[in-house]
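Biologist: Can you walk me through this model? I'll ask as we go.

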Amino acid sequence: MNTTDTITHTPYLQQLAQDMVFIKGDTFSMGSEAYRSEKPIHKVTVPDFHLCKYPVTQGLWNSVMGKENNHSKFQGSNRPVERVSWNDTQVFLEKLNQHPGVKGVKYRLPSEAEWEYAARGGKPSPSGAGGQSGAYAGGNKLKEVGWYDTNSHGETKPVGMKLPNELGLYDMSGNVWEWCADVWHENYDHAPADGSAWLTGGEQGRRVVRGGSWDFVDYDCRVSDRYIDITDNQYYVIGFRLAG
């Protein structure tokens with residue numbers, strides 16, 4: 001069975017279209033004073049965009065890539081796919097966007113600015129220390145909105161089991177780190193102010209991941225926290241989320 005047939009005969013592609021949340025753009029304060037990598041706090045104007053309410057699940061991944069290419073440590077169709085490299089996400093996106101059932105949208109990874117803006121609830125953050133909703137995506141009590149080392153029982157969880165943030169986005173704090181489009185830079189000096197991915201300069205073999213994971217401490221799940229990995233690394237704490 002080829003990839004196109006697999007997608008056509010499963011509900012995942014149709015569900016993906018339904019799960020894309022429209023996010024109204026605005027200007028917000030990105031970053032924090034917590035670490036050098038999160039400085040300086042700077043104004044970014046993010047245009048309107050769409051973001052999926054969940055990380056990519058293994059069910060969707062299997063539909064596009066084939067179950068034999070699902071190397072997730074924690075198997076389950078409604079769990080987030082992990083052990084996917086940044087390079088793997090690009091293959092997934094190419095196959096997904098070539099499908100005749102995908103019309104009117106080009107799926108992609110979010111920029112780091114889009115990701116943080118959405119995690120903060122799509123609202124300006126005057127202090128930059130956390131989202132309008134709190135330090136995490138959806139509030140100040142991580143146990144209510146995310147899976148991290150204290151409550152995850154040492155594994156990923158099916159998506160959507162915790163409370164969403166104000167935009168209806170789930171699992172943006174904890175569960176799995178999420179790849180962004182941006183090349184890694186050690187801080188925000190000279191970062192784009194228009195919400196676009198930062199693709200020039202920096203460490204071209206490394207990309208940004210955001211959001212924390214089931215195996216990391218609460219502080220790593222903050223909306224402003226940044227992490228890094230090499231583009232071909234498949235790590236069981238990293239997945240991704242689709243923008244459009």
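Biologist: Which residues are buried in helix 3?
Modeller: Quick caveat: the model is predicted. In helix 3, the buried residues are Q58, G59, L60, W61, N62, S63, V64 and M65. That is eight of its eight residues, so the helix is mostly covered.

Biologist: And what follows helix 3?
Modeller: G66 does. Its phi is positive, near 95°.

Biologist: Where is N70?
Modeller: N70 sits in the loop between helix 3 (58-65) and helix 4 (86-98).

Biologist: Buried or exposed?
Modeller: N70 is buried. Its relative accessible area is 8%, and the cut-off for buried is under 20%, so N70 qualifies.

Biologist: What does N70 touch?
Modeller: Leaving out residues up to four places away in sequence, N70 touches Q58, W61, N62, Q75 and V81. Q58, W61 and N62 are among the buried residues of helix 3.

Biologist: Which side chain makes a polar contact with that of N70?
Modeller: The side chain of S72, at 2.8 Å.

Biologist: Let's zoom out. How many helices and strands does the chain have?
Modeller: Six helices and eight strands. From the N terminus, the order is α-α-β-β-β-β-α-α-α-α-β-β-β-β.

Biologist: What is the radius of gyration?
Modeller: The chain has 17 Å. A compact globule with 244 residues would have a value near 18 Å, so the chain agrees with that. The C-alpha atoms fill a box of roughly 50 × 35 × 30 Å along the principal axes.

Biologist: How much of the chain is buried?
Modeller: Of the 244 residues, 54% count as buried.

Biologist: What share of the contacts comes from residues 24 or more positions apart?
Modeller: They make up 70% of the contacts with a separation of 6 or more.

Biologist: What lines the largest pocket?
Modeller: There are 13 lining residues. Y12, Q15, D19, Y54 and T57 lie nearest the centre of the pocket. Helix 2 (residues 12-19) gives the largest share of the lining, four residues.

Biologist: How does that lining split by class?
Modeller: The lining of the largest pocket has nine nonpolar, three polar and one charged residues.

Biologist: How many cavities of 30 Å³ or more does the structure hold?
Modeller: One. The volume of the largest cavity is about 70 Å³.

Biologist: Which residues line the largest cavity?
Modeller: M30, H42, E112, A113, D182, Y188, A191, P192, G195, S196 and W198. By class, that lining divides into six nonpolar, three polar and two charged.

Biologist: Last one, G212. Where does G212 lie?
Modeller: In the loop between strand 6 (203-210) and strand 7 (226-230).

Biologist: What is the relative accessible area of G212?
Modeller: It is 0%, so G212 is buried.

Biologist: What is G212 in contact with?
Modeller: Setting aside neighbours within four places in sequence, G212 contacts G174, V176, W177, D220 and C221.

Biologist: How far is G212 from H50?
Modeller: Their C-alpha atoms are separated by 21 Å. Along the chain, G212 and H50 are 162 residues apart.

Terms used
Residues numbered from 1 in each chain as written. Predicted model: local features only at pLDDT ≥ 70, side-chain atom pairs only at ≥ 80, totals over all residues. Heavy atoms only, no water. Helix = DSSP H or I, 4+ residues; strand = E, 2+ residues; numbered from the N terminus. Buried < 20%, exposed > 50% of the residue type's maximum accessible area, 1.4 Å probe, protein only. Polar contact = N/O pair within 3.5 Å; in protein donor to acceptor, adjacent residues only side chain to side chain. Contact = heavy atoms within 4.5 Å. 1 Å grid on protein atoms, 1.4 Å probe; cavity = no way out; pocket = protein on both sides within 12 Å on 5 of 7 lines; lining within 4 Å. Nonpolar A, V, L, I, M, F, W, Y, C, P; charged D, E, K, R; others polar. Rg over C-alpha atoms; globule rule 2.2 N^0.38 Å. Points joined across faces, edges and corners; volume = space filled by probe spheres on them.
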